[in-house]
Amino acid sequence: MPVQAAPLGGATAPADEKSFADHTYAKVFWRLVPFLMLCYVVAYLDRVNVGFAKLQMSQELKFSETVYGLGAGIFFLGYFLFEVPSNVILHRVGARVWIARIMITWGIISGAFLFVNSEWSFYGMRFLLGLAEAGFYPGVILYTTSWFPAHRRAKVIAVFMAAIPISGIFGNPLSGWIMDAFNGAQGLSGWQWMFLIEAVPAVLIGLAVFFYLDNRPAEAKWLSDAEKQLLERDIAADNRGKESSPHSIATVFRNGRVWFMSLIYFAFVTGQYGLTFWMPTIVKASGVQGNLNIGLISAIPFLCAAIVMVLFGLSADRMRERRWHLIVPALLGAVGFVVSASAGSTTIAVAALSVAAAGVLTCSPLFWSLPTAFLSGAGAAAGIALINSVGNLAGFVSPYVIGALRDATGSTAAGMYALAAMLVVGSVCVFVTPARMVNR
């Protein structure tokens with residue numbers, strides 16, 4: 001391909017600027033996104049593997065469904081309290097140092113779950129894990145705004161968040177196998193071995209983050225001068241289109257659009273964690289026996305979700321349309337929950353859960369195209385963290401309510417109907433969001 005001189009620090013760039021831009025963004029994508037996905041696979045596994053531990057731990061430690069639900073949800077109280085401060089610190093010190101710190105500390109705390117021996121130690125450890133992990137997910141969302149403009153970001157976030165179903169595809173069978181294979185070894189139960197073994201990758205990858213990530217394009221030695229300047233121009237142009245963004249932490253808390261985004265995210269996260277924390281229990285209740293078998297069956301809905309969420313992300317970027325790409329999967333998720341509540345066989349239950357998983361897990365990455373379309377700078381750091389922390393309070397409410405309803409009724413049906421209703425609420429809120437504000 002012919003090249004022409006470019007007045008960008010003496011560098012050269014292809015004459016076809018679009019091809020050069022596509023090549024540059026592909027280079028950035030393959031350098032950053034697979035690694036960030038790996039980090040999130042480990043993070044999400046350590047966050048939700050308590051759903052598998054429950055199959056042994058609740059019986060061994062005499063936990064009721066309500067106790068388990070409360071403990072699973074308390075994670076998000078710690079997460080809520082430290083989310084905004086953590087993201088503001090990341091904005092100031094850089095993603096490389098702060099994401100490494102987050103991963104190493106949550107790995108250590110996750111491994112220490114093997115010492116849980118009572119309700120209160122369970123609650124305390126889940127709270128500490130939330131404190132440790134706070135800032136990782138919104139930090140990565142903020143990090144992508146330094147590398148990709150809005151019209152390229154939905155695909156990036158969708159692929160990154162495919163880590164959630166991937167953690168289920170591989171993590172569920174792994175958790176089940178560890179619990180069966182190591183149960184009783186060295187005097188420890190299978191659930192204790194699961195926490196210990198699955199914590200090790202977080203610490204090791206956290207150390208790797210410090211050496212692998214660059215905070216911004218200007219620091220990336222693997223980019224040419226022309227590539228760096230292309231990225232910086234695109235990001236600067238993207239930020240110029242956000243004049244209405246709140247520009248300080250204080251104004252973020254007074255911004256009505258930020259709180260409205262928090263409500264939408266709360267609705268979607270309610271469905272997400274209702275699914276992930278209770279999936280093993282629902283599958284077991286459908287008649288599946290054995291932890292490994294439960295893990296293998298539980299992986300099927302996550303496999304469906306991984307495919308659907310990437311396809312929707314690609315479509316949203318190609319069409320530059322955000323609202324209906326959120327509304328459709330949210331309503332599909334609601335249908336999946338309603339059908340799973342009354343499923344009469346394992347096959348129907350797994351098929352319904354697959355629809356629910358594909359719908360609800362697709363909502364999360366596509367949602368972030370909405371607030372990042374109008375947030376920038378320090379306002380973006382605080383705004384993304386605020387939305388994520390408020391939204392993730394649903395991670396506290398959802399498992400606790402489902403556990404309480406299950407204790408009261410002896411069935412998960414009422415909980416599934418509640419999850420479906422929240423997805424409908426989120427869909428309505430997205431529908432009334434002005435298209436001109438988010439379709440970028």
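In this predicted model, Arg96 lies over the face of Phe210, at 4.4 Å from the ring centre. Phe210 also takes part in an aromatic pair: its ring and that of Phe211 have their centres 5.4 Å apart, and with the planes at 85 degrees the pair is edge-to-face. The two partners can be told apart by their accessibility. Phe210 counts as partly exposed, at 36% relative accessibility, whereas Phe211, at 69%, counts as exposed.

Turning to aromatic pairs in general, a search of the whole structure finds 28 of them. In the pair formed by Tyr25 and Phe148, the ring centres are 6.0 Å apart and the planes stand at 35 degrees, so this pair is tilted. Tyr25 belongs to helix α1 (residues 17-48), while Phe148 sits in the loop between α6 (136-144) and α7 (150-161); the pair therefore ties together parts that are 123 residues apart in sequence. Both partners are shielded: Tyr25 counts as buried at 4% relative accessibility, and Phe148 counts as buried at 3%. Beyond such pairs, one aromatic cluster is formed by Tyr40, Trp106, Phe136, Tyr137, Phe160, Tyr265, Phe367 and Trp368.

Phe367, one of the members of that cluster, is also in contact with Ile264. Ile264 lies in helix α12 (residues 256-285) and is buried, its relative accessible area being 0%. When neighbours within four places in sequence are left aside, the contacts of Ile264 are Phe367, Gly426, Cys429, Val430 and Thr433. With Val430, the separation is 166 residues in sequence but 7.0 Å in space, C-alpha to C-alpha.

Helix α3 (residues 65-93) and helix α17 (residues 394-409) pack at an angle of about 175 degrees, and their axes are 7 Å apart. This angle makes α3 roughly antiparallel to α17. On the α3 side, the contact is made by Glu65, Thr66, Gly69, Leu70, Ala72, Gly73, Ile74, Phe76 and Leu77. Helix α17 contributes Gly395, Phe396, Pro399, Tyr400, Gly403, Ala404, Arg406 and Asp407. Sorted by class, the residues in the contact of α3 with α17 are 9 nonpolar, 5 polar and 3 charged.

Definitions and conventions
Residues are numbered from 1 along each chain as its sequence is written. This is a predicted model: local features need pLDDT of at least 70, side-chain atom pairs count only at pLDDT 80 or more; totals for chains, interfaces and linings use all residues. Side-chain values use heavy atoms; hydrogens and water are left out. Rings of Phe, Tyr and Trp (its six-membered ring) pair if their centres lie within 6.5 Å; planes under 30 degrees apart count as stacked, over 60 as edge-to-face and the rest as tilted. Helices (H or I, at least four residues) and strands (E, at least two) are DSSP runs, numbered from the N terminus. Buried means under 20% relative accessible area, exposed over 50%, partly exposed in between (1.4 Å probe, protein chains only). A charge sits over a ring if NZ of Lys or CZ of Arg is within 6 Å of the ring centre and within 35 degrees of the ring normal. Axes are lines fitted to C-alpha atoms, for helices over the stretch in contact, and angles run from 0 to 180 degrees between N-to-C directions. Angles under 35 degrees count as roughly parallel, over 145 as roughly antiparallel, 65 to 115 as roughly perpendicular and the rest as oblique. Contact means heavy atoms within 4.5 Å. Ala, Val, Leu, Ile, Met, Phe, Trp, Tyr, Cys and Pro count as nonpolar, Asp, Glu, Lys and Arg as charged, and the others, Gly among them, as polar.
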